[in-house]
Amino acid sequence: MITAQALIPLPVLIPALAAAATLVAGRRPRLQRIIAQFALTAVVVVCATLVYLADRDGTLVLHVGGWGQSVPGMGPLGITLVVDRLSALMLVVSAIVLLAVVAYAIGQGIRDGDGRQPTSIFLPTYMVLSAGVCTAFLAGDLFNLFVGFEVLLAASFVLLTIGASEDRVRAGISYVLVSMVSSLIFLLGIALVYAATGTLNMAELALRLGDISTGTRTALFAVLLVAFGIKAAVFPLSTWLPDSYPTAPAPVTAVFAGLLTKVGVYAIIRAHSLLFPGGELDNVLLVAGLLTMIMGILGAIAQSDIKRLLSFTLVSHIGYMVFGVALANQLGMSGAIYYVAHHIVVQTTLFLVVGLIERQAGASTLQRLGGLAAASPVLAFVFVVPALNLGGIPPFSGFIGKVALLEAGAANGSVLAWILVAGSVVTSLLTLYVVARVWTKAFWRARADAPEGHLAAAAPAVLLDDSQDIAFADRDSVGRMPVGMLAPTGALIVVGLALTVAAGPIFSYSERAAAEVLDRGQYISAVLGGAQL
């Protein structure tokens, strides 16, 4: 009989093995596609099972290789994988998004307009990315969290520059440099933490960090926050993101926007609640959250390209999550957890819709778009639903998450918290303005009224330059949206609506996850006295 602990490594092992299998099947694209979709479907099933088990039985722990015993002065040996309610929720939402995006990419044909491109490496690299994301969510120690980051970042370098156009290589170089700086800071933080405590196991750290001086503890937290803040795109460490993501193919941009920054947010939650719960830097986080909201949405207002616009809204809404974490109360944490799940789904959906817009109209720049509502009512529908959700229109999940965060801020009662409440409302209204602007210009007005509408109506081979490629699609297919692209997008819309329809049970789960995160004793006792295989 398969035990609960035996399921814990599968979200990493399945895509890792699938990466090897798809690499071997590089000359058989049909087999590659079957392996990738089957593997990610299996990951979804495993992660959904882990959600049920973690909610029913509490935190699940696996000491890989049976190295569960502690050594005096060193803490637990080996690799520890941990699944609690928070990590289980992140795993299942990520798995759903990864499956939908790979189905979308396959529906486009995994092409970028040039038959010479090495598209056979896309699926193996994508599987490695999936394994890295799951590793980060399962890691029970700082070093393996670092390993998870590095695995997904290495894969993201390849995916970001696939096609090797000038713009993508330039953006890839910027992304690599920023990521390397972030990784070096993280590695420095790991070294400092180990020097101060003698362990990297997070449960052991939760006990030992309380024995060091407040100044040293705050300094360690600050170093880790800088590293995680870069990965999560928290202002002022977010300027790299809008220049990197929009140049990538639509499926790559979608999975990056949906998942990679949320891994950074997850790391911030772990560090803030488990390792450094004293609240020494809460005010710093609140200010960072406010600036992230405001600067991100102001950047979005200034954009004319939908990809860049959505990249800035991505930065802006990271501020909501940081806000909830920094409040350090159960309602704020539960609102942040719920909002992370909501934002992963909705932001990914919107970037997939941009790929459909490029497929339908041949461009993603507002100056060239118009009349899409009349030309494709289906496309108008798949845009407006997640757009309203992102804008926080009731009764969508975006509204529910924001209301929870506003209530948590009001319950905190401090002047800074009330400023964050006001900033959150302003940001939400400006987000609605931004998506309404896209709707009126791209969908509602006639294309003839667009300043460059005549260019978008030209032959695809003429109108498209390197910065406006149709992601993973042949250029002669403009105007046709394959079912293989529409179906995954529609599926994610359904998942987003499910977060609304089942908001009561899901938010209750988020509250239980928040209570578990804030009660460090449950995590510590589960890991240090956990079951072993």
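This note goes through a predicted model point by point, from the whole chain to single residues.

1. Overall make-up. The secondary structure of this chain comes to 23 helices and four strands. Of its 533 residues, 59% count as buried. Among the contacts between residues at least 6 apart in sequence, 81% join residues that are at least 24 apart, and a reader tracing the fold may want to keep that figure in mind.

2. Strands β1 and β4. Strand β1 covers residues 60-63, with L60 and L62 pointing one way and V61 and H63 pointing the other way, and all of them are buried. The partner of β1 is strand β4, residues 80-83, and the two pair in the antiparallel sense over four bridges.

3. Helix α4. This helix runs over residues 85-108, and its 24 residues reach 35 Å from the first C-alpha to the last, which is close to the 34 Å expected at 1.5 Å a residue. Because 21 of the 24 residues are buried, α4 is largely enclosed by the rest of the structure. Just after the helix comes G109, which takes a positive phi of about 100 degrees.

4. Helices α11 and α13. Two packed helices are described by the angle between their axes and the distance between the axes. The axes of α11 (residues 250-275) and α13 come within 11 Å and cross at roughly 15 degrees. Angles under 35 degrees count as roughly parallel, and so α11 is roughly parallel to α13. The crossing in which α11 passes α13 is right-handed. On the α11 side the residues that meet the other helix include A250, A257, T261 and K262, and on the α13 side they include K307, L314, I318 and M321.

5. Q347 in helix α14. Is Q347 buried or exposed? Q347, which lies in α14, is buried, because its relative accessible area is 0% and buried means under 20%. Leaving aside residues up to four places away in sequence, Q347 touches A257, L310, T313, L314 and L390. Of these, A257 belongs to α11 and L314 to α13, and both are listed where those two helices meet.

6. The loop between α9 and α10. Most residues other than glycine have a negative phi, and most peptide bonds are trans. In the loop between α9 (214-232) and α10 (241-244) lies P236, and a cis peptide bond with omega of about 5 degrees joins F235 to P236. A233 is found in the loop between α9 and α10 as well, and although A233 is not a glycine, its phi is positive at about 65 degrees. The relative accessible area of A233 is 0%, so this residue is buried.

7. The loop between α13 and α14. A328, placed between α13 (306-327) and α14 (330-361), is another residue other than glycine with a positive phi, here near 60 degrees. With a relative accessible area of 37%, A328 is partly exposed, whereas A233 is buried.

8. The loop between α16 and α17. Which residues does a cis peptide bond join here? The bond joins P394 and P395, with omega at about 5 degrees. P395 lies in the loop between α16 (377-391) and α17 (397-412).

Terms used: Residues numbered from 1 in each chain as written. Predicted model: local features only at pLDDT ≥ 70, side-chain atom pairs only at ≥ 80, totals over all residues. Heavy atoms only, no water. Buried < 20%, exposed > 50% of the residue type's maximum accessible area, 1.4 Å probe, protein only. Expected span 1.5 Å × (residues − 1). Pairing = 2+ DSSP bridges. Axes fitted to C-alpha atoms, helices over the stretch in contact; angles between N-to-C directions. Parallel < 35°, antiparallel > 145°, perpendicular 65-115°, else oblique. Left-handed = near helix turned anticlockwise from the far one by under 90°. Contact = heavy atoms within 4.5 Å.
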